[in-house]
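Visitor: Hi, could you walk me through this one? I'd like to start with how the helices are laid out.
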Amino acid sequence: MARAGIKREQNKYAALLLTPALAVIIIFTSIPALTTLSYAFFRWKGFQRLGFAGIENFQRLFNDPFKSYFYMALRHNVLVFIAILVIQTSLGILVGYALFKLKRGHRYFRTVVFLPVIFSLVIVAYMWQAMLDPFYGPVNYLLHSIHWDGLAKTWLGSTSTALPTLVFINLWRWVGFPAIIFLAGFNSINTEFIEAARIDGASEGQIFRKILLPLLAPSMTIVTILTFIGAFEWFDLPYVLGGTNGNPAGAIDTLALMFYRLSFGSVDSGANEIGVGSALGVLIFTIVGVGATFGSRYLRSREVEA
Amino acid sequence: MKNNRRRVRGLVASLLAGAAIAVPALMAMPAHAATEITFWSWRPEDKAFYEAQAADFQAATGISVKFTPYVATEYNAILATALTAGKGPDVMQIRAYGGMANLSDAGNFLALTTKDVPALAKIPAGTLAGTQGYTNKSQFGLPYATSVLGVMYNPDLLKKAGIKALPTTWTSFLAALDKVKAAGILPLGNGSGYAPGMEQLWGAVGPTWYGGNDFYKQIVAGNKTFTDKNFIASLQAVKDLVAYFPAGHEGLDYNTARGLFANEKAAFYIGGNYEISYFRSLNPSLNVGWMPAPAKSTGEKRYVTNWADGGFAINAKTTQKAAAIKFMNFLASKAFMQAAADTLGWIPTISGIKVTDPAVISMQRAIPSSGTPFLTLVGFRYGTPTSSSIMQPGFQKVATGAQTATDLAKAIQTGVASWYKPLTGKA
């Protein structure tokens, strides 16, 4: 009886403390999401809502002139996800492992690794844009001075190198984040497993592959799902470096950038398409929601119990 | 005793926390709230000019003007969002023609009369049309300047390259570009990274290929289409110029491209008169010449593309209507327009303004005999997708070889025909 009373009291306080956070989520996430969903079913003239349009906006998204931009942006998002998952996650594991194995200077190296993550994204983007400037940037200047002229490209200016360059900048900025998550994962592994393996004569490589990596699965799940969400909602870096059109020539156009362009228009070409933009927003939400849910379920089912 | 001390400590802490919030907030408030109007623009590069003008206005009327510029690429979205939310500035710069149609039709702007702004009576009807509504034909804006496209050149670099006479035909223009390139100078500062810049480049060089005013009248009436072979030729002319763009032109942003010309690295820049103030801000001693775009062949007409660049409008929901109208009249005054002509290189819409910049004088003289509308901007931005929203990224693909001029023409025709009735159903 007394326990039930204490439980009720605790639940009451838990509800009270959760209310502000729930209110913020409802006001700033749920309501805008539901509103965008509703916008997708109406016709628009600028910012004026007209009559009900049914699924017309979704149909327009898959026809000219939006179709080619949509498929190109989707392709870029998929490529970015694969590249970041493979390269950034692998590097994150290696850096996390290096931090795990460090005997001295943990705090210093952890700070150095994580520092780019806390930089303002806009500053990072402009810094790299200045460094990679084909006319005035130090990167090309250095490459020319050591006679590696072939590598002194217009990295952000060429349609073939712009997207990989953005992936590199993203990697530079974000690799510290999975590294810290994986470091936490390594630290959470029971050291008895490692010691037992050493006693049995396992090498460091074998310990890493057969014990540490499998037990790192929960961290991998988190990083993979976050990478998926981040890759399909990628907006900030392409916007800052490529503008609303994902310059050069749409080479870094993404679904989120296309959503912004459709919803708010672009300079000089004036008009916007809120209906089609909202339809795209619904599509992005669906891709991310479904992908994250099923991906999370699948990866969790493969996690090894220690 | 202990509880009393705790209560006192808590009270002191609360008072200090409250003071930490209240004091800075109170200090940030103005001592006296004088009449202030807000004024937005898409020209951050003109901030110094507008702030100086605002100071003159305040000295004369006591009304302060808070000038807030936004980057041009974000201005449309910021303004539209603010106005739709029922906020926005008291006075603002607005785009011309279709660029403002959605906003004006939604009732965001105060309709101006000649009683409110007498200067409107002296502006030509064709210029006034640039800031009239689309469905509601009221006068919503004061057109402030005529913009002109053409070819700006650096006479010193041309002399260095051994070019003695300015090219007048397409062939001689390409030959001049080759000569400049051979002299180790960048022929063109333009790049394809700034999509609107590509449309403006076409706007300058295109009319001689598609047929200027005749074609404009025909296509607006629906008697010709964007797939007309002459129109396609005008798109191809832009592709032909890409060979003279700087290396890495796909990633060349607007300011860097203009900077190449301003810093005397490029001999030519194809764009509008509004670039001149930016060139001079980077390099006050820059020697700039202007010429109309070359004719497609000897004997053909050279055109000077021009349009009402934009306007100043008053927010229909302003709470400072009288002050805003006073400011509007200041913006329409000869004093302001003269200052704009001198500092920003404007070609003002009101008469009696003396233009002193030699390049701008050339443009002003060329308009009466050679003027032609900026076809895509004037005629085809009233519906979606606009011709510009297809042409701008389309040119970027043409520049990289990802699309042909013919395919771009077809895409523009398909897009515009979806809403522009005279062209509907025509391929």
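Guide: Helices (H or I, at least four residues) and strands (E, at least two) are DSSP runs, numbered from the N terminus. This is a predicted model, where local features need pLDDT of at least 70, side-chain atom pairs count only at pLDDT 80 or more, and totals for chains, interfaces and linings use all residues. Residues are numbered from 1 along each chain as its sequence is written, and chains are lettered from A and ligands numbered from 1 in the order in which they are written.

Visitor: OK, at what angle do α3 and α7 of chain A cross?
Guide: Roughly 40°, with the axes of α3 (residues 67-101) and α7 (residues 162-174) of chain A coming within 10 Å. So α3(A) and α7(A) are oblique to each other (under 35 degrees is roughly parallel, over 145 roughly antiparallel, 65 to 115 roughly perpendicular, the rest oblique).

Visitor: Which residues of α7(A) make the contact?
Guide: Leu163(A), Val167(A), Asn170(A), Leu171(A) and Trp174(A). Residues are in contact if their C-beta atoms, placed from the backbone, lie within 7 Å. From α3(A), the contact includes His76(A), Ile84(A) and Leu91(A).

Visitor: Switching topic, what are the domains of chain A?
Guide: Domain 1 (2-56) and domain 2 (64-301), with bounds from an automatic or database domain assignment. Their C-alpha centres lie 29 Å apart.

Visitor: And how many residues are in contact between them?
Guide: 11 of domain 1 with nine of domain 2 in chain A. On the domain 1 side, the largest share, four residues, comes from α1(A).

Terms used. Axes are lines fitted to C-alpha atoms, for helices over the stretch in contact, and angles run from 0 to 180 degrees between N-to-C directions. Two residues are in contact if their C-beta atoms, placed from the backbone, lie within 7 Å.
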